[in-house]
There are 2 protein chains.
Amino acid sequence: MSEQEEWHNSPVGVFDSGVGGLTVAREIMRQLPNERIVYFGDTARVPYGSKSRETVTKFSRQIVHFLETQKVKAIVVACNTASAYALEDLEKEVEVPIIGVVQPGAIAALAATRNKKIGVIATEATINSGIYNRYIEKSDSGVKIIGKACPLFVPLVEEGLWEDPVTDEIAGRYLTELVDSGIDTLILGCTHYPMLRSTVAKIMGNGVTLVNPAYETARELKTLLLEKGLESEHRPGLGTELYRFFVSDAADKFQRFANSILTYGILSAKVINIDEF
Amino acid sequence: MSEQEEWHNSPVGVFDSGVGGLTVAREIMRQLPNERIVYFGDTARVPYGSKSRETVTKFSRQIVHFLETQKVKAIVVACNTASAYALEDLEKEVEVPIIGVVQPGAIAALAATRNKKIGVIATEATINSGIYNRYIEKSDSGVKIIGKACPLFVPLVEEGLWEDPVTDEIAGRYLTELVDSGIDTLILGCTHYPMLRSTVAKIMGNGVTLVNPAYETARELKTLLLEKGLESEHRPGLGTELYRFFVSDAADKFQRFANSILTYGILSAKVINIDEF
């Protein structure tokens, strides 16, 4: 087998601070069914959204080093906070193509908006980084962007309160100013948030398009693999592990959560010591 | 100055996964005003309460190694999860006296209960460890203990929703079974929870004594220092740094939070790389 063929069959690396990135992995599974995936969730150090640029970059760099040992052909940073804080540095350091979730989300929002008013909901870190503003304004400086940090959304999702009066109440508080601002497009700027889609949709109303960067990221990955000639042309045969999952802690809890999100059943997630990478 | 005198003047090390342990530090400041404190909050890896025994023990061990470099004369594990998972191992490894928050809380609850029904609210990790049951049953096997994990309390406190209808609603759900169980004593088994004391008190009613292990832990520390002849007899002079604060991430946010809890104003918190210890 030639080296090129080996790369074809190599997996795509996908990582997140925890389980949120599974919404991106799910989209990749749907749109690129031939691709193998190595997923890493940093469950020992989750969440990232309240932490600093230095810390998030250090953690992300260790994960990328781990994924390199798994011989991935491309890396998807399936975490908005890591995309916001670490992607620019990682792009310079990594040999394989690496993409984040922010740019695809920004592009999709630009395509969707008619009144040029776009909202972004995300973690404190992502909002403070101003990354969505930078990507959107680079393409169209006439767009008004309203960002809102929603720090309780991640713990609410992790507790399984996807549809709950408490989540409705908290979402109502976070989203009021976005409703009042007259945006017509809202980016779900954290990979946990698609699980609150129906709650957010109810509050924002029919006039607002919700953009889930997971969908757009999987599309961008597809384009990238085609461009670079890296796409897997056939679904891996029986006996090949299509999807592998690694975490830095608490594999059981991760598995339960993953099995509630993915239609594909996760057989097992393996714990690794991420500090060593 | 003799070696013994140097130890007298050494600080006490206090650590937690983040800001919760400040409720314990505050009690030490009140009850032992002559003691210097070195506080460490693991803000890069907070929270601990949803993580595994192995991970919490590894993180706690690194922190103890850091505190040893600060020449502390005693260590207070001001985190229930770390006390539950790591204290037993650490006791064997550390030369200076080390105490946790669980045993003092258990003793206080045993002293308070009349009907021998004690409730414990804590993180998932602390509840799953069964540590309060072990400590309480060791002293009195006739006590009935009802434990309840309250995983959203930490994020709600960290968001500042100390008195809020959402916190009332969540607390109501968590505490209903404890109210129905007829307990007369409830241990606030997570160092964040004293900040929700009034919410919890309102739901539990006047008949239930709330035990805050922070108070009892400071008392136990006082007894321990006296027994070992390690107490500082005089308040350190001007120019001595009475309290020093270290964190693994986001010092600014920690300072703001600390200044809202402590009457003593924190001048600065220093970020250190805790992985290196």
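Which strands of chain B does helix α13 lie across, and at about what angle does the helix run to β10(B)? That was my opening question, and I kept in mind that this is a predicted model.

**Entry 1: the helix and the sheet in chain B**

I looked up helix α13, residues 251-261 of chain B, and found that it lies across β2 (37-41), β9 and β10 of that chain. Its direction makes an angle of about 155 degrees with β10(B).

Next I wanted the sheet itself. I read an open sheet of 6 strands in chain B, with the order β4-β3-β1-β2-β9-β10 and parallel pairing. β4 (98-99) and β10 (269-271) of chain B are at the edges with a single partner strand each, so one side of each has no neighbour in the sheet.

I then followed β10(B) to its partner. Strand β9 of chain B, residues 243-247, runs parallel to β10(B) and is joined to it by 3 bridges. To find a place to look, I picked Phe245(B), whose bridge partner in β10(B) is Ala269(B).

How many salt bridges does the structure hold over all chains? I noted 24, and I visited a few of them.

I started with Arg30(A) and Glu27(A), whose side chains meet at 2.8 Å, N to O. Both sit in helix α2 (residues 22-31) of chain A, and because they are 3 residues apart there, about one helical turn separates them.

My next stop was the salt bridge of Asp140(A) with Lys116(A), where the closest N and O atoms are 2.8 Å apart. Asp140(A) belongs to the loop between α8 (131-139) and β6 (144-149) of chain A, and Lys116(A) to the loop between α6 (102-112) and β5 (117-122), so this pair ties together parts 24 residues apart in sequence. I also checked Lys116(A), which is partly exposed at 37% relative accessibility.

**Entry 2: a buried pair, and a network**

Asp42(B) is buried, with 0% relative accessibility. Arg45(B) is buried as well, at 1%.

Which residues do salt bridges with shared partners join into one network? I wrote down Asp42(A), Arg45(A), Asp275(A) and Lys58(B).

Definitions and conventions: Residues numbered from 1 in each chain as written. Chains lettered and ligands numbered in written order. Predicted model: local features only at pLDDT ≥ 70, side-chain atom pairs only at ≥ 80, totals over all residues. Heavy atoms only, no water. Pairing = 2+ DSSP bridges. Helix = DSSP H or I, 4+ residues; strand = E, 2+ residues; numbered from the N terminus. Contact = heavy atoms within 4.5 Å. Axes fitted to C-alpha atoms, helices over the stretch in contact; angles between N-to-C directions. Salt bridge = Lys/Arg side-chain N within 4 Å of Asp/Glu carboxyl O. Buried < 20%, exposed > 50% of the residue type's maximum accessible area, 1.4 Å probe, protein only.
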